[in-house]
Amino acid sequence: MGNVKFSQKEYLNFGNCLVMENAAAQLIITLDVGPRIISYKLNGGENVFFNDVNRVMTFESDDLKAEGGEEKGRWVMYGGHRFWTAPEDYFVTYDPDNEPCTAEINEEEGSVILTARTRTATGFKKTVKVTLAQESSKVTVDHILTNCSDEVKNVAVWGVTVIDKGAVEVVPLPTNRTENFYPRQIIALWYGMPLDEPRVKWKKDCAVLTQDCNATKTFKFGTCIEDGWVGSFVKGQFFMIKVPYDSSKQYTDRGCNYETFTNHLLTEMETLGDVVDLAPGCSHSHTEEWNLIPFEKVPDFDEEYNLDALAELAKDLLK
């Protein structure tokens, strides 16, 4: 028997959920929908994820309803961490996941494998393996996409984590380029997103995005993370994600392996796997690693700050 304990409970209005916890941290995962990792926190801390208890963030269309009916044909954000596919498409990406998923628990390993029903419309089966470390807050999230259709699918796995209001997100930018004629960084902006957006500060070695509850517009940008990590300060905890990157692979949205979105409610931290032509019967995976670290004060990015200190926190995550 490992140090990770499992139990089930009703959580808010998300129905039956699985609780995974050790001496350091706790995860809550939905079982009646999704799956979504709906809560992540240090023991004694608050959930750093946004929970859409009022179902504010939804999307519906006649195409989606044709498969799922009036209720199950409506895509609902729910919040937390979700498994999406890129490139973004109204019918494929927003395919609803409002039905129960299966859960296969491995108590010794401290993991659970969650599998959603194969969708007839897209032909995709989504499986998520969540592993909580035995002694620390470290979490490994393996996303496995299987093509159950009879067609080759051009697709990338997309992991989206929705952070609660008040977050200050740090996106490191590469500083180790020595070639004088080599572009330093790619920044992708979506339609209507200005470079002088006040919620983002472009620093010499990072971009800092601050969520604003009074914002009236959304903002999103994408980039290529080569330094391996991103993080958000929220609710007295620093949430970090290890971002995979392989320079030999192709990434969507003009070469982005990381994107972030914010509105008046939340910030989304989005990692993207490489784009593949997924043959029938084949699977493709994308892995994120997370950590939570307590903090007392958010660095003042208008004054002097030390990104190396944050990178030092990421060392264990990047091993």
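This is a predicted model: local features need pLDDT of at least 70, side-chain atom pairs count only at pLDDT 80 or more; totals for chains, interfaces and linings use all residues.
## Cavities in the model

Rolling a probe the size of a water molecule over the atoms shows where empty space is left. Here the count comes to two cavities of 30 Å³ or more.

## The largest cavity

The largest cavity holds about 260 Å³ of space. Its lining is made up of 23 residues. Nearest the centre lie Gly34, Pro96, Asp97, Ala116 and Lys126.

Two strands each give at least two residues to this lining: S7 (80-86) and S10 (124-132). S10 supplies the largest share, with five residues. By class, the lining of the largest cavity has ten nonpolar, eight charged and five polar residues.

## The second largest cavity

The second largest cavity has a volume of about 50 Å³. Strand S7 gives the most to its lining, with three residues. The lining includes His81, Arg82 and Phe83. Also among the lining residues are Ile29, Pro35, Arg36, Ile37, Leu114, Val128 and His143.

Six residues of this lining are nonpolar. Two are polar and two are charged.

Ile187 sits in strand S14, which covers residues 187-189. Is Ile187 buried or partly exposed? Ile187 counts as partly exposed because its relative accessible area is 32%, and partly exposed runs between the buried limit of under 20% and the exposed limit of over 50%.

Notes
Residues are numbered from 1 along each chain as its sequence is written. Side-chain values use heavy atoms; hydrogens and water are left out. Helices (H or I, at least four residues) and strands (E, at least two) are DSSP runs, numbered from the N terminus. Buried means under 20% relative accessible area, exposed over 50%, partly exposed in between (1.4 Å probe, protein chains only). On a 1 Å grid over the protein atoms alone, a cavity is a set of points where a 1.4 Å probe fits but cannot get out, and a pocket is an open set with protein on both sides within 12 Å along at least five of seven lines; lining residues have an atom within 4 Å of a point. Grid points are joined across faces, edges and corners, and a volume is the space filled by probe spheres set on the points. Ala, Val, Leu, Ile, Met, Phe, Trp, Tyr, Cys and Pro count as nonpolar, Asp, Glu, Lys and Arg as charged, and the others, Gly among them, as polar.
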